Amino acid sequence: SPNFKSKPVIHNLARVGALRRKISILNPINYFQISDFIVKNWSYLEGYFDKAKFSKSKPYIGSNRPIEPEYNLSEISIKRAEVRALSKYLLQTDVSQCYHSFYTHSIPWAIHGKEQSKNDKSDNLLGNILDILVRNSQDQQTNGIPIGPDCSLLISEIILSAVDKKLIEPTIVRNGFRYMDDYEVCFDSRSDAECFLSNLQESL
């Protein structure tokens with residue numbers, strides 16, 4: 001049933017040299033429904049992150065995992081070196097508690113726009129369906145998206161690509177990128193970096 005609701009199991013994942021990470025293990029029925037929706041609508045959803053040139057973690061159908069980011073960590077290290085070689089000031093920041101702080105209703109906002117989504121809450125909008133499926137998988141909670149499942153990478157990229165678009169279009173960004181929820185952008189002046197950070201906070 002598309003209205004099947006469940007509560008995820010939280011697993012404390014041990015990581016070498018780091019704090020434990022809490023990941024969500026979803027009910028298989030709910031996770032199948034989210035995965036099935038993404039597979040059937042991949043081409044449509046892809047349009048909302050595929051053109052996001054600022055992102056280096058765009059989702060791809062992977063070889064090691066079902067969904068993987070465009071660049072792996074070793075490739076990102078090379079990209080960082082390229083970025084840092086061209087400017088005087090480096091801005092590094094991330095989205096605090098990124099997956100925890102997402103609002104599930106921002107999924108349709110990112111895909112269809114906030115005004116259209118607020119005016120049409122029906123299944124006519126694919127973003128509304130994905131919003132419902134994610135909420136069904138976490139006991140109807142609207143705060144946060146599951147941490148761990150590959151599908152969450154795609155969902156976060158849809159949302160953050162919308163943030164990037166709002167951020168980048170009115171701003172001249174000489175050199176930089178976003179990887180997952182980490183931003184690394186270089187500037188010629190400290191004031192430009194501070195202005196970008198302020199715009200990023202507002203866009204988020």
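Which residues in α1 meet which residues in α8? I began my notebook with this contact, keeping in mind that I am reading a predicted model. On the α1 side I listed Tyr31, Ile34, Ser35 and Ile38, and these meet Asp150, Cys151 and Leu154 in α8. Sorted by class, the contact of α1 with α8 comprises five nonpolar residues, one polar residue and one charged residue.

Next I looked up how the two helices are set against each other. Helix α1 covers residues 28–40 and helix α8 covers residues 150–168, and they pack at an angle of about 50 degrees with their axes 10 Å apart. An angle of this kind is neither roughly parallel nor roughly perpendicular, since those classes take angles under 35 degrees and from 65 to 115 degrees, and α1 and α8 are therefore oblique to each other. I also noted the handedness, and the crossing in which α1 passes α8 is left-handed.

Staying with α1, I turned to Gln33, which is found in this helix. Is Gln33 buried or exposed? I recorded a relative accessible area of 15% for Gln33, which is buried because the cut-off for that class is under 20%. I then compared two kinds of distance for Gln33 and Gly113, which are 80 residues apart in sequence and, from C-alpha to C-alpha, 24 Å apart in space.

My next entry concerns backbone angles. Most residues other than glycine have a negative phi. Against that background I wrote down Gln97, whose phi is positive, near 50 degrees, although the residue is not a glycine. Gln97 lies in the loop between β5 (89–94) and α4 (98–101), and Gln97 is exposed, with a relative accessible area of 53%. Asp139 lies in the loop between α7 (126–136) and α8, and with a relative accessible area of 40% Asp139 is partly exposed.

Last, I followed β5 into its sheet. In what order do the three strands of this open sheet run? I read the order as β5-β7-β6, with antiparallel pairing. The edge strands are β5 and β6 (175–179), each of which pairs on one side only. On average, and with direction ignored, neighbouring strands of this sheet are turned by 10 degrees against each other.

Note on methods: Residues numbered from 1 in each chain as written. Predicted model: local features only at pLDDT ≥ 70, side-chain atom pairs only at ≥ 80, totals over all residues. Heavy atoms only, no water. Axes fitted to C-alpha atoms, helices over the stretch in contact; angles between N-to-C directions. Helix = DSSP H or I, 4+ residues; strand = E, 2+ residues; numbered from the N terminus. Parallel < 35°, antiparallel > 145°, perpendicular 65-115°, else oblique. Left-handed = near helix turned anticlockwise from the far one by under 90°. Contact = heavy atoms within 4.5 Å. Nonpolar A, V, L, I, M, F, W, Y, C, P; charged D, E, K, R; others polar. Buried < 20%, exposed > 50% of the residue type's maximum accessible area, 1.4 Å probe, protein only. Pairing = 2+ DSSP bridges.
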